[in-house]
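Hello,

Here is the structure I said I would pass on. Please open it first and then read the notes below.

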Amino acid sequence: MCAHVLVAEDDEMQAELIRRSLLAEGHTATVVHDGGAALDAVRRLRPDLVVLDLMLPVVDGLGVCRALRRAGDTPVLMLTARSTEDDVLLGLDMGADDYMTKPYSPRELMARIRTVLRRSGHTAAVVRAAGLQVDPVRHEVRCDGEQVECTPAEFAILLAMAAEPERVFTRRQLLECTRGIDRASTERAVDVHIMNLRRKTEADPRKPVRLLTVFGVGYKLSGGRG
């Protein structure tokens with residue numbers, strides 16, 4: 001059940017912990033740290049689920065949840081340090097699909113996410129970007145309609161990049177995508193994975209038009225969705 005999850009959490013350490021847990025579960029994740037950025041990310045990325053902290057700056061979690069419910073039915077799992085019954089009911093009344101109070105265990109959070117995704121009828125969708133089709137269920141990649149054989153680490157990197165085309169990923173961020181797949185990987189290994197992916201997806205790997213180097217930062221998948 002691979003999903004694209006938006007994490008809206010102003011505590012950067014908590015956000016990173018959630019992001020790593022999601023990647024370990026096979027999901028892709030986007031992290032934002034305020035409510036305004038969360039609403040913008042939902043419009044741009046159309047995530048399968050939003051993990052939403054109640055106490056966000058700019059727009060608080062209740063405001064974000066209210067706006068999401070007016071716009072559509074994106075599932076929301078709300079997180080908060082508040083634990084009174086009134087707070088829980090208020091979050092649910094605003095449209096949250098589930099509610100967890102801090103502190104919580106990452107394992108319980110991942111179990112709740114799986115439950116919300118199942119209840120919402122989520123099935124892993126084929127991710128399309130830059131002429132690529134990445135199918136997380138069949139574990140298949142197609143480039144301009146032709147099937148491409150990828151290693152598990154290459155597939156994980158390509159799935160993350162295809163979920164957010166035009167986003168610049170650092171080597172460390174791409175390395176995190178392979179955690180649990182290739183434990184011996186280093187940031188330099190990411191360069192090798194990108195080089196191999198270029199050989200498989202670019203007409204001329206020496207002059208890539210999809211998998212581009214952003215000098216001094218990392219890599220991005222260029223070409224947009226579709």
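**What was found**

Strands β11 and β12 make a hairpin with three residues between them, and in the turn glycine 216 has a positive phi of about 85 degrees. Please keep in mind that this is a predicted model.

One of the pairs to look for is threonine 213, whose bridge partner in β12 is tyrosine 219. Strand β12 also pairs with β10 (residues 169–170), again antiparallel, through two bridges. There, threonine 170 has glycine 218 of β12 as its bridge partner.

As background, nonpolar side chains tend to be buried together in soluble globular proteins.

Helix α6 itself covers residues 152–163, twelve in total, and spans 17 Å from its first C-alpha to its last, close to the expected 16 Å. Is this helix mostly covered or mostly open? It is mostly covered, as eleven of the twelve residues in α6 are buried. Among the buried ones are Phe155, Ile157, Leu158, Leu159 and Met161.

There is also an open sheet of five strands, in the order β2-β1-β3-β4-β5, with parallel pairing. Its edge strands, β2 (28–32) and β5 (98–101), each pair on one side only. From one strand to the next the twist averages 20 degrees. Within this sheet, β1 (residues 4–8) pairs with β2 in the parallel sense over five bridges. Alanine 8 stands opposite valine 32 in β2.

Last, a pair of helices. Two packed helices are described by the angle between their axes and the distance between the axes. For helix α1 (residues 12–24) and helix α5 (residues 106–119), the angle is about 60 degrees and the axes are 10 Å apart. That angle makes α1 oblique to α5. The crossing of α1 and α5 is right-handed.

Regards

Notes. Residues are numbered from 1 along each chain as its sequence is written. This is a predicted model: local features need pLDDT of at least 70, side-chain atom pairs count only at pLDDT 80 or more; totals for chains, interfaces and linings use all residues. Side-chain values use heavy atoms; hydrogens and water are left out. Helices (H or I, at least four residues) and strands (E, at least two) are DSSP runs, numbered from the N terminus. The expected span of a helix is 1.5 Å times one less than its number of residues. Buried means under 20% relative accessible area, exposed over 50%, partly exposed in between (1.4 Å probe, protein chains only). Two strands pair if DSSP finds at least two bridges between them. Axes are lines fitted to C-alpha atoms, for helices over the stretch in contact, and angles run from 0 to 180 degrees between N-to-C directions. Angles under 35 degrees count as roughly parallel, over 145 as roughly antiparallel, 65 to 115 as roughly perpendicular and the rest as oblique. A crossing is left-handed if the near helix is turned anticlockwise from the far one by less than a right angle, and right-handed if clockwise.
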